Structure formats: structure tokens, C-alpha cells
Amino acid sequence: MNMKNTNILYQHGTLALLVPGLLTGTLKMKNLLSHGDTGIGTGEGLDGELIILNGIAYQADSFGKVNPISSEFTVPFANIHYADYKKLTTIANASPADLAKAALQGKPNSNNFFSVLVKGTFSYMKTRAVAKSERPFSTLAETAKNQSVFETKNVAGTLLSYYSPSLFHGAAVAGYHSHFLASDHSIGGHVLDFKIDQGTLSLQQFDTLEQHLPIDNEEFNAHDFSKDDIANTISQAE
Ligand SMILES: [Zn+2]
């Protein structure tokens with residue numbers, strides 16, 4: 001039995017815990033998927049960039065491949081929710097700034113969490129995928145240096161984005177955090193830049209952030225975050 005509350009954004013871990021290198025996968029994909037059907041995240045050791053669409057999880061890896069994910073795959077960080085998007089508008093010839101403006105409907109920012117979904121064609125897409133690192137894990141800044149960047153033109157696909165209010169920078173990244181999956185799986189990953197050719201822009205607002213923490217992880221429990229440069233590191237890496 002599942003109460004599919006579409007007003008809840010569920011988050012496992014925080015971006016802050018990645019900063020000092022707490023990259024252990026602390027939640028299994030099958031457990032994550034009990035909290036939604038749509039989401040983003042990363043694997044243990046920053047093992048690629050994850051996107052969950054229609055209840056199916058995919059990994060864009062640093063070799064440029066899109067892989068299915070097993071139910072035992074573990075994540076140190078992920079966002080997930082039950083999709084209930086409302087179509088806002090159609091959008092064409094749009095940069096990330098244009099999309100942000102359209103999604104915010106003229107407001108400079110939002111104090112609420114919401115998700116943006118763009119399905120359509122993209123005249124340009126630039127993504128990155130971090131390569132999996134092994135123990136002992138290094139910091140987020142060091143680990144994220146080992147990443148591949150992918151670019152393509154004229155690709156159809158889905159852009160999935162989460163907006164977090166600036167107040168929550170640290171737990172999440174303030175503003176938009178976007179992942180992409182091409183319809184033909186030719187490209188995916190954490191979005192660095194894009195140009196929408198034609199698409200539909202849909203939006204889903206949340207009234208609740210459900211923040212789940214890895215309370216059984218000894219490294220997390222023992223870590224002192226007061227010395228970590230969390231805000232700056234997240235701004236640079238995400
Ligand atoms: Zn990402």
C-alpha cells in the first residue's frame with residue numbers, strides 16, 4: 001500500500017555530506033523508488049548521474065553510456081517524488097535563463113520547492129557525468145574533477161529539474177539542479193547547458209520536503225561539518 005502524496009519532495013542525504021567525501025551509498029534504489037517515480041541522484045563514489053522517469057532509474061556514466069540500474073544499487077544522494085506535473089506553457093528557442101524565467105512566471109526566485117519537466121527537442125545539450133571513485137573517497141571537489149563532458153546537437157529528450165529555495169543551499173543546491181535523458185539514450189547526465197528547440201514546460205510544486213538522513217552510517221555520524229566549505233564547494237561542483 002502506498003499513499004502517493006504528490007506534494008512531497010523526498011530527499012535522501014544532502015549535497016553537504018558529499019562535500020567532505022561521504023560518498024558511501026546509504027540507500028538502495030528499491031527503497032528510494034518506494035518514495036516516488038521521478039527523480040535525480042548519484043551513485044556510491046559519485047558513480048554517474050541518475051535520472052528516474054516513470055518509475056525506471058537510469059544511470060548516465062562517465063563513458064557516455066546510459067545504463068539500467070539494479071534495485072540493489074546504492075545512492076548517497078537523491079531526490080524523488082511522485083509525478084503530477086501541470087502543463088505551464090510551450091517553450092521554444094530557450095536558454096537555461098529563459099527556462100528559469102518561464103518557470104518562475106516572472107518572479108525573480110521562489111521560496112518554495114518545485115520541479116520542472118521539459119519534454120521536447122533540444123538544439124544543444126551539454127552534460128557531465130562523474131567517474132566512480134573508490135575508497136578511501138576524496139572530497140567532492142577532488143572527485144568531481146574526474147568527470148566527462150558530453151555535447152550534442154538536435155536531440156529529443158526529457159529535462160528534469162528541481163528548484164530549491166536559496167535558504168536550503170547546502171542541503172540542496174540553491175536554484176535549479178537538472179538532469180537530462182535523451183529519448184534514444186544517446187546522451188544523459190547532469191546538465192551544464194542547453195538550448196531548447198521546442199518543448200512543453202510542466203511544473204509541480206511541493207509543500208513538503210521530506211529530508212531523509214543516513215543515520216546508520218558511522219562516517220556520517222562522526223563527521224564534523226563545521227570545517228567544510230559547504231556553500232562554495234556546492235556552488236562550484238553543482
Ligand atoms: Zn546532478
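This is a predicted model: local features need pLDDT of at least 70, side-chain atom pairs count only at pLDDT 80 or more; totals for chains, interfaces and linings use all residues.

Student: OK, on to the core. Which residues of the largest nonpolar core touch the most other members?

Tutor: Leu99, Phe122, Met125, Leu159 and Phe180, out of 23 residues in that core. At least two core residues come from each of β9, α3, β10, β11, β12 and β13.

Student: Where does the largest share come from?

Tutor: From β10, which gives six residues.

Student: What does Met125 touch, leaving out residues up to four places away in sequence?

Tutor: Its contacts include Phe150, Val155, Leu159, Phe180, Val191 and Phe194. Glu151, Thr152 and Asp193 are also among them. Apart from this core there is a second, separate one of 18 residues, with Val19, Val130, Phe137 and Ile230 among its members.

Student: Changing topic: which residues are the protein donors of the zinc ion?

Tutor: Three histidines: His177 through NE2, His179 through NE2 and His190 through ND1. These donors lie 2.0 to 2.1 Å from the zinc ion. Along the chain they follow the spacing H-x1-H-x10-H.

Student: Where is His177 placed?

Tutor: His177 is in strand β12, residues 175-182.

Student: Buried or exposed, that one?

Tutor: His177 has a relative accessible area of 7%, so it is buried, the cut-off being under 20%. His179 is buried too, with a relative accessible area of 1%.

Student: What polar contacts does the side chain of His177 make with the other two?

Tutor: One of 3.2 Å joins it to the side chain of His179. Another, of 3.3 Å, joins the side chains of His177 and His190.

Student: And which residues does His177 touch, not counting those up to four places away in sequence?

Tutor: Ile40, Phe77, Leu160, Ser161, Tyr162, His190 and Glu238.

Student: Last topic, the rings. How many aromatic pairs are there?

Tutor: The count is seven. One of the pairs is Phe114 with Tyr163, which is stacked, at 4.7 Å centre to centre and 5° between the planes. Phe114 is in strand β10 and Tyr163 in strand β11, 49 residues apart, so this pair links distant parts of the chain. Phe114 is buried at 3% relative accessibility, and Tyr163 is buried at 7%.

Student: Why is the pair of Phe122 and Phe194 edge-to-face?

Tutor: Because the planes are at 85°, and planes over 60 degrees apart count as edge-to-face. The ring centres are 6.4 Å apart. Phe122 belongs to strand β10 and Phe194 to strand β13, so the pair ties together parts 72 residues apart in sequence.

Student: Which residues form a cluster with Phe114?

Tutor: Tyr163 and Tyr176 form one aromatic cluster with Phe114.

Technical notes. Residues are numbered from 1 along each chain as its sequence is written. Side-chain values use heavy atoms; hydrogens and water are left out. Helices (H or I, at least four residues) and strands (E, at least two) are DSSP runs, numbered from the N terminus. Buried means under 20% relative accessible area, exposed over 50%, partly exposed in between (1.4 Å probe, protein chains only). A polar contact is a pair of N or O atoms within 3.5 Å; within protein, one must be able to donate a hydrogen and the other to accept it, and residues adjacent in sequence count only if both atoms are side-chain atoms. Contact means heavy atoms within 4.5 Å. A nonpolar core is a set of buried Ala, Val, Leu, Ile, Met, Phe, Trp, Tyr and Cys residues joined through side-chain atoms within 4.5 Å. Donors are N, O and S atoms within 2.8 Å of the metal (3.2 Å for Na, K and Ca); water is not among the atoms, so sites may look incomplete. Rings of Phe, Tyr and Trp (its six-membered ring) pair if their centres lie within 6.5 Å; planes under 30 degrees apart count as stacked, over 60 as edge-to-face and the rest as tilted.
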